[in-house]
Every structure is written in C-alpha cells, then in structure tokens.
Amino acid sequence: IVVIDPSAPYASGIRAALPDARIAVDKWHLVALANSMVTEVRQRVTRDLLGRRGRKQDQLWVNRRLLLTDAEHLSAKQWRRFTRMLDTADPTGEIGAGWAVKERLRMLLAEHEPSRIRWRLADFYEAALDAQLPEATRLAGTIQTWWPAILVALTEQVSNARTEGFNRIIKQVKRTGCGYRNM
C-alpha cells in the first residue's frame, strides 16, 4: 500500500514503478480540499452580497475560522457565534450548506467499517447534491474520481502523516539555514 496526496502524476508514477501496489489517498488532503471548498463558497457569497472582499467589520470574515473548525471541536460559545453568523450573514444558506458538505466528508473519512462507509458515502453525496453549489459538486467529483484509493485508506486505516511530518521538518531546517548548505 502506498499512501499519496490526491495527485494524478503521483498515482501515475506509482502505477508505473509499482504495478502491484495498492494506492491510498491521505485523508488530511481530502479535508484540506473540503476546507478550501468552504472558503471558496464564503468568498463567492461575500462578493455577491457586498460586491467586494470581506473586511474586518464583516461577520463572515471575522468568523471565517469557525467554518474550518471541526464541528466537535467548537465550544458552546463558538456554536452560538457560528449559528448567529449563519443566521445574519448567510441569507442564501449557501455557506451553511457548504459547511454541512465538509462535515459530511469528515464523518465519512472517520469510518473504517465497510457498511458504515457506504452509508456515509451516500450521505455525503446527498448533501453535495442538496447544496446545489458548484464548489460542492466539484468536491464530490474529486471524491468520486479518487474513491478506490480513498476506500483503501479507510479500510486499511493508513496515512502518510509521518512522512508529511518529516517533510515539514526538512523544509523548516532548509528555511532556517537561509541558504547555507552545511548543517
């Protein structure tokens, strides 16, 4: 099993070099795609409503991080702020719908049992369809394209988090070195 980012060139290279390997997609990257989708919806709705980018005085901009926080990590105070923001600053309901799609994807990615995975997948696709957002449709298309590799990651419970962590440390050392080649 080889765990990769959802990248067609990576998958192509793995298939060429290791034809018998099973490819799995790292869940972190899928959640990052979902968070990007929510951000795109928020930015589009803000531009449509206000005719400009968000600013410090706009509720959607001030509370933008709440949209990216996992639902189970929101405190009671944050939930009140979150619902107040959606009630007052999201008249079309598009931002709330995009957030719901993101949360459904997160619930899907938390499953390991095949029957529950199928149920969560159907729930995710239903939420993406109900949202009627081009950004959610694009995310659902990405999930559908990468589904075999996502299923491997879910059922085998694999991740490339350790590799990503080492890569981050290497980049940090390079950045700290300011161009020096000798450690």
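Trp147 has its place in helix α9, where helices (H or I, at least four residues) and strands (E, at least two) are DSSP runs numbered from the N terminus. The model is predicted, so local features need pLDDT of at least 70 and side-chain atom pairs count only at pLDDT 80 or more, while totals for chains, interfaces and linings use all residues. Residues are numbered from 1 along each chain as its sequence is written, and side-chain values use heavy atoms, with hydrogens and water left out.

Trp147 counts as buried because its relative accessibility is 16%; buried means under 20% relative accessible area, exposed over 50%, and partly exposed in between, with a 1.4 Å probe and protein chains only. Setting aside neighbours within four places in sequence, Trp147 is in contact (heavy atoms within 4.5 Å) with Leu108, Ile117, Leu121 and Leu154. One of these, Leu121, lies 26 residues from Trp147 in sequence, and the two C-alpha atoms are 9.8 Å apart in space.

Just after α9, Gln157 adopts a positive phi of about 55°.

The helix pairs around this region come next. Two packed helices are described by the angle between their axes and the distance between the axes. Here, axes are lines fitted to C-alpha atoms, for helices over the stretch in contact, and angles run from 0 to 180 degrees between N-to-C directions. The axes of α8 and α9 cross at roughly 70° and come within 5 Å, so α8 and α9 are roughly perpendicular to each other; angles under 35 degrees count as roughly parallel, over 145 as roughly antiparallel, 65 to 115 as roughly perpendicular and the rest as oblique. In this pair, Ile143, Gln144 and Thr145 of α8 meet Trp147, Pro148 and Ile150 of α9. The residues of this contact comprise four nonpolar, two polar and no charged, where Ala, Val, Leu, Ile, Met, Phe, Trp, Tyr, Cys and Pro count as nonpolar, Asp, Glu, Lys and Arg as charged, and the others, Gly among them, as polar.

Helix α8 also packs with α7, at an angle of about 150° and with the axes 8 Å apart; α7 and α8 are therefore roughly antiparallel to each other. Leu121, Phe124, Tyr125, Ala128 and Ala131 of α7 meet Ala136, Leu139, Ala140, Ile143 and Gln144 of α8.

Among the residues making the contact are Leu30, Val38 and Arg42 of α2 and Trp99, Lys102 and Leu105 of α6. By class, twelve nonpolar, two polar and six charged residues form the contact of α2 with α6.

Finally, the whole chain. The protein has ten helices and two strands, and 38% of its 183 residues count as buried. Among contacts with a separation of 6 or more, 63% come from residues 24 or more positions apart. The C-alpha atoms fill a box of roughly 50 × 50 × 30 Å along the principal axes.
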